[in-house]
Amino acid sequence: MRGLSLLRIAQIILLLAFLWLWSVFVGLYISVKLKEPIVIMRVSNITLTALTVFAPVYYPIEVLPNFAHKIILFLPTTSCAYLIRSLYEPLSEWKIALTSLTLWTLLFGVLAFRDGIFKEE
């Protein structure tokens, strides 16, 4: 049975926390690099649209051609949506999605801390 158990709720919360952490790091990195509020707003709106609307977050990845599945899973928003879906149905590429989300979080965490928080002016 693949219903909503306490373990599944904890896994969903963990995945969403991972995605939230990635987005905080991306926001910090963008704001440190661009500095102008209006430019930051424009870049973040374009980035948000590209990573949610154009990528398969609101629609299943199976809509895309087969060759694009593994490629598109390298986007953090797509991989998080795929991982949450994999809690309810068997999906074969969950390891790629988990690796992608982890690597993106680590990459932007390092960039945000290196260029943002610990950078001396």
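On a 1 Å grid over the protein atoms alone, a pocket is an open set of points where a 1.4 Å probe fits, with protein on both sides within 12 Å along at least five of seven lines, and its lining residues have an atom within 4 Å of a point. Grid points are joined across faces, edges and corners, and a volume is the space filled by probe spheres set on the points. The model is predicted: local features need pLDDT of at least 70 and side-chain atom pairs pLDDT 80 or more, while totals for chains, interfaces and linings use all residues. Residues are numbered from 1 along each chain as its sequence is written, and side-chain values use heavy atoms, without hydrogens or water.

**View 1. The largest pocket, about 320 Å³ in volume.** Look for Trp 22, Ser 23, Leu 48, Leu 51 and Thr 77, the closest to the centre among 17 lining residues. Helices H1 (6-34), H2 (37-54) and H4 (76-86) each give two or more residues to this lining; helices here are DSSP runs (H or I, at least four residues), numbered from the N terminus. H1 has the largest share, with 7 residues.

**View 2. The second largest pocket, with about 210 Å³ of space.** Here 10 residues make the lining, and Gln 11, Leu 15, Leu 83, Leu 87 and Leu 98 sit nearest the centre. H1, H4 and helix H5 (94-117) supply at least two residues each, and H1 gives the most, 4 residues.
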